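Open the model in your viewer and keep the selection panel at hand. The tour goes from one selection to the next and says what is there.

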Amino acid sequence: MKKIFKKVLVSASSIMIASSMFLTSNAGINAQELSMTGAMENYTAEDQFKATEPVTFSFLYRDHPNYPLNTEWLFFTKLEEMTNVKLDLTIAPMSDYEQRRSLLISAGDAPMIIGNTYAGMETPFVSSGAILPISDYLDYLPHFTKRIEEWGLQEEIDALRQLDGKFYILPGLHESIKHDYTLALRTDILEELGLEEPKTWEEVHQTLTKIKEAYPDSYPLSDRFKGNSLLNYMASSYETVAGWGFGQGVVFNKEEDKFEYAPTTQNYRDMLQVLSSMMKDGLIDPESFTQEDDQAIQKLANEKSFAISTNSQNLFEYRSALDATVGEGNYEIKKIMNPSSPYGDQVGGTRLENGIMISAKAVESPNFVALLQFVDWLYYSDEGQEFARWGVEGVTYNKDENGKRTLSENVDWAGLNPKGEEQLNADYGFSNGVFTYGGKAELIQSVMVEEEIEFQKLMNENKTLPDIAPAWPLEESVREQFTLLATPLKDATDQATLQFILGNRSLEDYEMFIEELKGLGLDQYMEMVNTAYQNAKNVE
């Protein structure tokens, strides 16, 4: 993929430092001070981890409503059998996870292992010393460091470093980008009207217009996710940030060597112009930005709409709903490639995903090194990742002589085996988002249906990725003021964005909107960002 762009997209995960440092191993750490109780001697990237005696590690667990926790899952019993490790779970519901995590860390009560943490979320806890600088202990993480070296992830990892030159999070590592959210379209309707799949946002407009003409009582696009998914992937094609990907709202202008607030750029305004035009033409349901997901799906099922944002899993929801209304075999719906914009074929994406933090108190445990080895094996080894994703060979899946995996007859996951009555995650605890982060491209694609594999192939062949943005780690002294400015700026942006799209505010007022942002402290906000960026450039 080509990687030459004038603007570099930045999300919340970029409040970090991208120095030119290489992986460092245990700087300043005296290995003799770390207890080896339960740890394997001479543990390497070739080893299956198993503690030399039974050990228990506390773990902050995010409970997902689609597969509620069952401590009797095969995942836990087999994990203990394989590794001699028992997990003592502190359970937080998905809806309250981030707040619960913050409270536990701030109170000094965090479990040893803190899961489901995106890069940038660790930053507020760095100065207090509550989170372990994991980069000090890389000698104990051979699978992790091997992945970084083999997959060329050094630049991405360096971007995680804070002002002290250390990083405090272990992210999930992908061998290659996994593209996910995009538009799903009723392709049978396109065929009925003699239309091709749209490849640009202009063609999306034209396509929805033709559908509207044929189905005048419909809104061709009625979206879910309160519009945040649509804004996210559309913004990527316009080389800006919005929706889920808004983060701190800044993009990097390489030509001017400085950050800009995304909503003040022509890119952002051009994106809103397209959406506003489609809204004015009656092509987008105004409720797309307020309705619940179930309402959007019901409109699709009742043919009140024909397009909706999706990921690979959402497609199964849509097909199930359409089966019940239109009838199986009487429709086709599929993901289309992310449409391009006048700014090019850029899409968002990163080879890092959410990962784990380790509590600083863990270093006091007699089993600290064993804990590092366990985390390293489960999250970064081939065997650990296959176990977490597929389960137990001969029970939840089988493997043929060529290494191809298939789910057991009674097990389903993500439509791989629709006749299976048991779910790999809900009934067994595997393919659980708490324990499956990243992996080889082959492993990731092994749980995809053929149409998704083809989608990934087309995206990789036709789309480009942004450069990794420079980091701008804020000093502790300005973080509170930065947050006080960030919130009203984003709130004002969200409000104006929706007003411009819905037509409640004319885009001719855009300069007035920018002045309103300045009245909320935009100049001071961007000065903090660019000062932090310049300071980071000077770190050796």
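This is a predicted model: local features need pLDDT of at least 70, side-chain atom pairs count only at pLDDT 80 or more; totals for chains, interfaces and linings use all residues.

Across the interface of domain 1 and domain 2, the rule finds 0 salt bridges. One kind of polar link does turn up there: 1 residue pair in polar contact, with both residues at pLDDT 80 or more.

Stay on the domain 1 side of this boundary. Its residues that touch domain 2 divide into 3 nonpolar, 3 polar and 2 charged.

Domain 1 and domain 2 each bring 8 residues to the contact.

How much area is buried between domain 1 and domain 2? The value is about 800 Å², and carbon and sulfur atoms give 69% of it.

Move on to a pair of helices, H11 (residues 368–380) and H12 (residues 382–390). Their axes lie 5 Å apart, and the helices pack at an angle of about 65°. To see the contact, select Trp377, Leu378, Tyr379 and Tyr380 in H11, then Asp382, Glu383, Gly384, Gln385, Phe387 and Ala388 in H12. Sorted by class, the contact of H11 with H12 has 6 nonpolar, 2 polar and 2 charged residues.

Notes: Residues are numbered from 1 along each chain as its sequence is written. Side-chain values use heavy atoms; hydrogens and water are left out. Contact means heavy atoms within 4.5 Å. Buried area is the accessible area (1.4 Å probe) that two parts lose on being put together, summed over both. A salt bridge is a side-chain nitrogen of Lys or Arg within 4 Å of a carboxyl oxygen of Asp or Glu. A polar contact is a pair of N or O atoms within 3.5 Å; within protein, one must be able to donate a hydrogen and the other to accept it, and residues adjacent in sequence count only if both atoms are side-chain atoms. Ala, Val, Leu, Ile, Met, Phe, Trp, Tyr, Cys and Pro count as nonpolar, Asp, Glu, Lys and Arg as charged, and the others, Gly among them, as polar. Axes are lines fitted to C-alpha atoms, for helices over the stretch in contact, and angles run from 0 to 180 degrees between N-to-C directions. Helices (H or I, at least four residues) and strands (E, at least two) are DSSP runs, numbered from the N terminus.
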